[in-house]
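Welcome, and take a moment to look around.

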2 protein chains.
Amino acid sequence: MKRRQFLQAGGVALAAGLATPAIAQSAPTVRWRLTTTFPKSLDTLYGACEMFSKIIAELSDQKFQVQVFGPGEIVPPFQVLDAVSSSTVEMGNTASYYYIGKDLAFAFGTAVPFGPNTRQMNAWLTYGGGLDLLNTELYKTYNVTCLPFGNTAAQMGGWFRKEIKTVEDLKGLKFRIGGLAGQVVARLGGVPQQIPPADIYPALEKGTIDAAEWIGPYDDEKLGFVKIAPYYYYPGWWEGSANGSVFINLAKWAELPKPYQQMVTTAAAQVAGDLLAKYDARNAPAIKRLVASGARLRPFSIDILDACYKATNELFAEIGSKNALFKRLNESMSAFRNEQYAWHQVCEATYDNYQIRQLSRT
Amino acid sequence: MKRRQFLQAGGVALAAGLATPAIAQSAPTVRWRLTTTFPKSLDTLYGACEMFSKIIAELSDQKFQVQVFGPGEIVPPFQVLDAVSSSTVEMGNTASYYYIGKDLAFAFGTAVPFGPNTRQMNAWLTYGGGLDLLNTELYKTYNVTCLPFGNTAAQMGGWFRKEIKTVEDLKGLKFRIGGLAGQVVARLGGVPQQIPPADIYPALEKGTIDAAEWIGPYDDEKLGFVKIAPYYYYPGWWEGSANGSVFINLAKWAELPKPYQQMVTTAAAQVAGDLLAKYDARNAPAIKRLVASGARLRPFSIDILDACYKATNELFAEIGSKNALFKRLNESMSAFRNEQYAWHQVCEATYDNYQIRQLSRT
């Protein structure tokens, strides 16, 4: 079927219909559409959608087809949630925190400053009550349910034209950074900017902005920032992990045969695991290439991190005093993160830090 | 069907058989048996098998059933590979490194001393060529193929009756530790012991052994070692991560309809992600309970870790000079680990270490 015809047909098509014998009714032909925020150029995030579609087709012996649409093909990139909510499409891949304009609580579905690391985020979502809380208290009111769809792992702090050595250096800094992190930066005198990916390079080149954060080495490399803003800071304290989401329209979900629901759940889990492994595998050689191309790695100073940490806590207390769900999610996530790090520091961090120590000797 | 009847029937049962119309042939009724090394008492590892079985049933609308058998029900715990290899069962869950008696290269499917951490292991298996190398060069010669089935994360170093402060203290130490790690300990004068889990407690209590390693806080807690060997060391340098495996008989795999193959692959991936999240979520409160019960947390000293690291490299060089596949796997895994840690130390470790620093302030 051509894309145009498919667009017109849309929704659930029971192609086999009445001619099918009763025995096959549990496996009807179903066609769903998945729209994603992320462009094809991100083979990581867009690739996850393609992988998802392929797995579902294989699992269902090609009976359940999920066609993937890039940003702008059906709806613009940041209207994925609305498109799923209104049943324009059955499902959409995006990051929950793009929708904090509707409710700041959406941040907790992706990342908040100084949040849990990747494994801790997965554990909070699955076994810490995080996903249940988000689904029942937040997403449900938008007619959607959500599954984790993979994590980018800890992100880099972005590309800076000049070195940032003190908290003072943040004052007046025009920094392309969004969401709650932007609000934290603003509290320290920075000037957060919201610029679509394609416009970042010219803005950095002209000096319209001083810095820009994106994702991590592998995805960042494609945008070529190293040539014009070579100071590459770490860690991205606002995205110690960043969880992607697939939103599913609740009415469409209810219509889906149970085995197909399980296919969606299980395929999303496979995609999530694969995406993290892919990020880890791709980022490691990418950072080497970036350094070879002139990237100058710089850690944010402890003073800067401390100031951002303090500003984050103040901001979150303010928001929480007005938004009960934000407060509840923040308390749940923070308590879980603290308990996790108390354990992480014993075994995992000791092991990692010893390995890093050995690396410096070879 | 009762278990006894099921045991007698075994294998693939085409229950629907000839009476089924052609349209349903792609979804035949299939019954497989999965035997696992791990006892029911480990709700983590055994629970993963039960979850796997349930997912497969849901995905296939109950047509593909995988029945789980504990250790001793069909074969003893450490004959899982042989049972799958000989087609006694279609599939088995175990740890590859239990089979180093056949070939030391089996270690790389689970864990080797100072190997990659959990995320790095997943990335090596999936995107670093690890699983392909193991499947094509090693497992295939045993008539099996393998899928990752979840990781315990970094394990603890075990329970000691007395403190171990220097390398000298390892001399004569009767330590329940297996595999290659045991060989490393032996090089430093220790006396590695192989004791089944049920016999560890009395051996520790009587002083027949001085120390025993098992898994991590949540699983260890159940064995009650804290009462008799309270010094709880970290990290388990021989298991910075430990990957579980599901082995599948190659001939049975080839017989499986393609959608069912995909179900096995995708369900295993979901189980793997879930198990790690479960370990992370369960270990954090368990270590607190253990400390409250009298566990005394102790890090292995840098001197001890350095001595073990050196002994590991010497041992691996010796084995590699006689075993080409061991050498090849070691080179692949070590190169990948080193590249990963070079990246990990930039962003991930900086983020984690800052969070740990904050934790100590609250």
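Which residue is the bridge partner of A:Cys146 in strand 10 of chain A? The partner is A:Phe247. Before going further, please note that this is a predicted model, in which local features need pLDDT of at least 70, side-chain atom pairs count only at pLDDT 80 or more, and totals for chains, interfaces and linings use all residues. Residues are numbered from 1 along each chain as its sequence is written, chains are lettered from A and ligands numbered from 1 in the order in which they are written, and side-chain values use heavy atoms, with hydrogens and water left out.

## The sheet of chain A

Helices (H or I, at least four residues) and strands (E, at least two) are DSSP runs, numbered from the N terminus. Two strands count as paired if DSSP finds at least two bridges between them. In chain A, five strands make an open sheet with mixed pairing, in the order 2-1-3-10-4. At its edges are strand 2 (64-69) and strand 4 (144-151) of chain A, each pairing on one side only. On average, neighbouring strands of this sheet are turned by 25° against each other, direction ignored; the axes behind such angles are lines fitted to C-alpha atoms, for helices over the stretch in contact, and angles run from 0 to 180 degrees between N-to-C directions.

Helix 10 (residues 258-292) of chain A packs on the sheet and touches strand 1 (30-36), strand 2, strand 3, strand 4 and strand 10 of chain A. The direction of helix 10 makes about 30° with that of strand 4 of chain A. Contact here means heavy atoms within 4.5 Å.

## Strand 10 and its partners

Strand 10 of chain A runs antiparallel to strand 4 of chain A, and six bridges join them. Strand 10 (residues 243-249) also pairs with strand 3 (residues 91-94) of chain A, in the antiparallel sense over four bridges.

| Residue | Bridge partner in strand 10 of chain A |
|---|---|
| A:Asn93 | A:Val246 |
| A:Gly92 | A:Phe247 |
| A:Cys146 | A:Phe247 |

Is strand 10 of chain A enclosed or open? Seven of its seven residues are buried, so strand 10 is largely enclosed by the rest of the structure. Buried means under 20% relative accessible area, exposed over 50%, and partly exposed in between (1.4 Å probe, protein chains only). In a regular strand the side chains alternate between the two faces of the sheet. In strand 10 of chain A, A:Asn243, A:Ser245, A:Phe247 and A:Asn249 point one way, while A:Gly244, A:Val246 and A:Ile248 point the other way.

A:Ile248 belongs to strand 10 of chain A and is buried, with a relative accessible area of 0%. Leaving aside neighbours within four places in sequence, its contacts include A:Trp32, A:Met91, A:Leu147 and A:Val264. A:Ile248 and A:Cys146 are 102 residues apart in sequence, yet 6.2 Å apart in space, C-alpha to C-alpha.

For another view, turn to A:Glu318 in helix 11 of chain A. A:Glu318 is partly exposed, with a relative accessible area of 39%.

## Where the two chains meet

The contact takes 80 residues from chain A and 80 residues from chain B. Together the chains bury about 7100 Å², 65% of it on carbon and sulfur atoms; buried area is the accessible area (1.4 Å probe) that two parts lose on being put together, summed over both. A:Tyr127, A:Trp343 and A:Tyr351 supply 11% of the area that chain A buries against chain B, more than any other three residues.

Eight salt bridges are counted between chain A and chain B, each a side-chain nitrogen of Lys or Arg within 4 Å of a carboxyl oxygen of Asp or Glu. In one salt bridge, the side chains of A:Lys258 and B:Glu58 meet (3.9 Å, N to O). Helix 10 of chain A gives the largest share of the side of chain A that touches chain B, 21 residues.

## A look at chain B

In chain B, an open sheet of five strands has the order 2-1-3-10-4, with mixed pairing. Strand 2 (64-69) and strand 4 (144-151) of chain B stand at the edges with a single partner strand each, so one side of each is left without a neighbour in the sheet.

Helix 4 (residues 118-127) of chain B is mostly covered, as seven of its ten residues are buried. Among them are B:Met121, B:Trp124 and B:Leu125. Just after this helix, B:Gly129 takes a positive phi of about 85°.
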